[in-house]
Amino acid sequence: MALSLSEDTRERVSKLLDVSRVAVHYGWIPFILYLGWTQSLPRPNLIKLLSPFPTA
Amino acid sequence: MSAEAPAAPAVPTLGNFSSLPLTTLAGGVSKPTPVPTFWNTNPVFSYVNEALDSVAARRAALGLSNPGTMENLDKEVSRDVFLTNYFFTGLRADLTKAFSLNPAFQVSHAFSIGSENMPPYAFAAFYANDQLFAQGTVDNDLSLSGRLHYGWSKNSTSKMNVQISKAQPAMVQLEHDILGPDFSINLKALNPSFLEGSFTGVAVGSYLQSLTSSLSLGLETMYSSQSPMYPADVAVSYVGRYDAKSWIASAQVQAQGVIMASFWRKVTDKVEAGIQTQISAMGRPGSAQAQAMMMGGAQPTPEGIATIGAKYEFRQSVFRGQIDTDGKVSCLLEKRVLPPVSVIFAGEIDHSKNSARIGLGLQFESGGEELMQQQQQQQYEATGQQFPPL
């Protein structure tokens with residue numbers, strides 16, 4: 001499975017991977033929170049969403 | 001092979017699907033014959049199609065069921081009965097908040113002191129609906145582990161696992177599961193990359209096939225290449241599983257000379273018991289001897305370990321206990337004290353090393369019950385029924 005990539009492409013791909021790694025690192029949890037927040041029917045307020053204390 | 005059979009014209013629209021009396025349809029629906037086109041009337045394709053259909057019909061006539069996945073081969077023993085996956089040390093508190101049940105959405109905060117492998121603080125979020133499952137955990141060192149499952153259909157699921165932390169290189173695992181009527185295929189790639197001129201990373205493919213209604217056999221191949229400079233590693237392992245409903249036996253022969261056998265039995269409907277034996281021709285991985293061997297020293301001697309355990313499920317608590325041939329006795333008790341609060345106790349005594357480990361945990365759940373009530377009410381309102389008297 002030889003695949004010759006030019007130096008240029010290789011650099012570009014690894015840069016892209018680096019950027020996406022950072023994006024996933026800092027964006028994954030906010031993404032899930034956003035998804036859940038928009039989809040749950042009574043939208044919880046943000047303090048309730050993030051605080052560890054049980055709120056009635 | 002035609003992918004999806006076109007929907008029968010009798011079905012009105014997809015929107016009304018849930019209102020259809022589906023229970024009466026079960027078993028009575030025959031596969032609609034495909035519309036004749038060039039692709040299924042030309043002689044070559046029709047011959048191939050007929051052959052495939054007859055093979056499929058033969059297979060269907062055997063009445064086999066899906067064997068389950070390779071991952072769950074010894075799930076009953078190693079994940080349900082044994083407490084190894086649940087064991088922890090030190091003090092720990094988990095606060096879980098559920099915000100919605102369908103789609104499921106919850107967040108949790110986990111605090112821990114004096115643990116060997118748990119971070120002092122971790123935040124987890126979890127979202128799941130019928131197709132998508134997304135979960136992420138981030139701890140106080142900002143290391144993230146994430147999971148994403150997407151179900152393309154009932155029988156085909158793609159999975160992605162990601163682990164990113166500041167100190168270690170990132171890890172990505174891509175996986176695809178295909179569950180056929182009598183077989184399962186799993187394809188996995190760990191850190192796949194083509195940047196170095198050829199494939200680097202680990203690729204795993206596995207196939208599990210039901211042979212009779214209880215016996216299934218399978219094999220798994222692994223191809224791993226860390227760098228194009230070094231020769232790649234290839235390994236094949238063979239597995240078998242016999243599921244007789246009240247008991248399950250499974251065995252694995254791995255390429256590195258490891259033989260694993262496990263046996264699970266349902267003793268009563270509240271008690272399950274399991275035993276697992278592992279024999280390794282190369283010594284146990286991670287042991288002092290195996291490390292010495294890596295350095296080019298000692299001759300390998302076969303080593304083995306057997307573990308026997310039981311799980312008791314009571315109305316408010318779950319107890320797991322196990323003992324192994326290294327002289328390790330451990331137990332784990334989960335008890336629900338109040339509806340939202342449960343207490344977990346974990347203890348282990350290692351008789352050969354003369355050491356003991358202990359763990360105590362508290363779990364708080366909030367939101368679950370209110371949500372359940374709320375949702376029920378919504379459902380009753382939607383269907384126009386009376387709210388049932390409590």
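Which residues does Ser210(B) touch, not counting residues up to four places away in sequence? Select Ser210(B) and find out. The model is predicted.

**Stop 1: Ser210(B)**

Ser210(B) sits in strand β9 of chain B, residues 200-210. Show its neighbours: Leu64(B), Ser65(B), Asn66(B), Pro67(B), Asp182(B), Leu215(B) and Ser216(B) are the residues it touches, leaving aside those up to four places away in sequence. Now draw a distance from the Ser210(B) side chain to the backbone oxygen of Ser65(B): 2.7 Å. Is Ser210(B) buried or exposed? Its relative accessibility is 5%, so it counts as buried, the cut-off being under 20%.

**Stop 2: the largest cavity**

Searching the whole structure turns up two cavities of 30 Å³ or more. Go to the largest, with about 50 Å³ of space. Select its lining: Thr69(B), Met70(B), Glu71(B), Glu175(B), Asp177(B), Ser184(B), Ile185(B), Asn186(B), Ser206(B) and Leu208(B). Colour by element next. In chain B, β7 (171-179), β8 (183-193) and β9 each give two or more residues to this lining. β8(B) gives the most, three residues.

**Stop 3**

Select Leu73(B), Asp74(B), Glu76(B), Val77(B), Ile248(B), Ala249(B), Ser250(B), Ser262(B) and Trp264(B), which line it. At least two lining residues come from each of α4 (75-81), β12 (247-254) and β13 (258-266) of chain B. β12(B) gives the most, with three. By class, the lining of the second largest cavity holds five nonpolar, two polar and two charged residues.

Definitions and conventions:
Residues numbered from 1 in each chain as written. Chains lettered and ligands numbered in written order. Predicted model: local features only at pLDDT ≥ 70, side-chain atom pairs only at ≥ 80, totals over all residues. Heavy atoms only, no water. Helix = DSSP H or I, 4+ residues; strand = E, 2+ residues; numbered from the N terminus. Buried < 20%, exposed > 50% of the residue type's maximum accessible area, 1.4 Å probe, protein only. Polar contact = N/O pair within 3.5 Å; in protein donor to acceptor, adjacent residues only side chain to side chain. Contact = heavy atoms within 4.5 Å. 1 Å grid on protein atoms, 1.4 Å probe; cavity = no way out; pocket = protein on both sides within 12 Å on 5 of 7 lines; lining within 4 Å. Points joined across faces, edges and corners; volume = space filled by probe spheres on them. Nonpolar A, V, L, I, M, F, W, Y, C, P; charged D, E, K, R; others polar.
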